[in-house]
Amino acid sequence: MIKAGLFDLDGVVFDTESQYDVFWKEQCELYHPEIKDMYKKIKGKTLVQIYEEHFADAKDEQSKITERLNAFEKNMKFEYIDGLVDFVNSLKRNGVKCAVVTSSNRAKMKSVYDAHPEFLGLFHRVLTSENFEKSKPDPDCYLKGAAIFGVQPEECVGFEDSFNGLKAVRAAGEFTMGLATTNSEESIKDYCDYIIKDYKGLDYTKLCEIVASSH
């Protein structure tokens, strides 16, 4: 029985990945023009991970990058993945608790709320990076997502698009639903139990059928 749906944000709730590509392509070319398509290597990583793994040689510049990112996010377009709102409402009507489980911080979420005042009413809870002790692919965030609703991990479905996110859901022992929005179906198929491109045609009944048939 599905008792909770746990959703990542970028590439899962909102179609924002192409916008982030523009921002990070610019930063990568500014600091590491010698590395071709470096921006593609940071997809699905937290800001802390991006700095540690790719900008450790530019520590004095990290605060400037963060300022640029904050300014960029204030002007982003937050467009829902097709069918997302209807799908979440279908889950809620059937007693499923729904939460956002994101590596984004509260400052980013303020931009989301400004763009979508209805957002907080769509989900029961929104968990941000400030709520977690460890970053994806560690399962900490998805285990906390289950815990806030008092349910077991095996009663949850986690929705993710990035490799680190998919690994986090699977490590938490939750049904892993992959969205082929950021990466191809072929590249993520080994990291999830089922793949969708968007939420069109998906509702509570269909999700239950998918989960049941995968066991």
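This is a predicted model: local features need pLDDT of at least 70, side-chain atom pairs count only at pLDDT 80 or more; totals for chains, interfaces and linings use all residues.
Helix H8 spans residues 163-171, and within it Asn164, Gly165, Leu166, Ala168 and Val169 are buried. Both helices and strands contribute to the cover over these buried residues. Among the helices that cover them are H2 (47-54), H7 (140-148) and H9 (185-188). Strands E4 (156-160) and E5 (175-179) are also part of this cover.

Helix H7, one of the elements that cover the buried residues of H8, may be considered next. Its buried residues are Asp140, Cys141, Tyr142, Gly145 and Ala146. These residues pack against strands E1, E2, E3 and E4, and also against helix H8. After H7 comes glycine 150, and the phi of this glycine is positive, near 65°.

Several of the strands that H7 packs against are paired with one another. Strand E2 (residues 97-101) pairs with strand E1 (residues 4-7) in the parallel sense, over four bridges. In this pairing, leucine 6 stands opposite alanine 99 of E2. Strand E2 also pairs with strand E3 (residues 125-127), again in the parallel sense, over three bridges. Here valine 101 stands opposite leucine 127 of E3. Strand E2 is mostly covered, as four of its five residues are buried.

The cysteines remain to be discussed. A disulfide is a covalent bond between the sulfur atoms of two cysteines. How many disulfides does a search of the whole structure find? The search finds zero. Cysteine 156, for example, is in no disulfide; the nearest cysteine sulfur belongs to cysteine 98 and is 11 Å away. For a disulfide, the two sulfur atoms would have to be within 2.5 Å. Cysteine 156 is buried, with a relative accessible area of 1%.

Cysteine 141 is one of the buried residues of H7. Cysteine 192 is buried as well, with a relative accessible area of 9%.

Key
Residues are numbered from 1 along each chain as its sequence is written. Side-chain values use heavy atoms; hydrogens and water are left out. Buried means under 20% relative accessible area, exposed over 50%, partly exposed in between (1.4 Å probe, protein chains only). Helices (H or I, at least four residues) and strands (E, at least two) are DSSP runs, numbered from the N terminus. Contact means heavy atoms within 4.5 Å. Two strands pair if DSSP finds at least two bridges between them.
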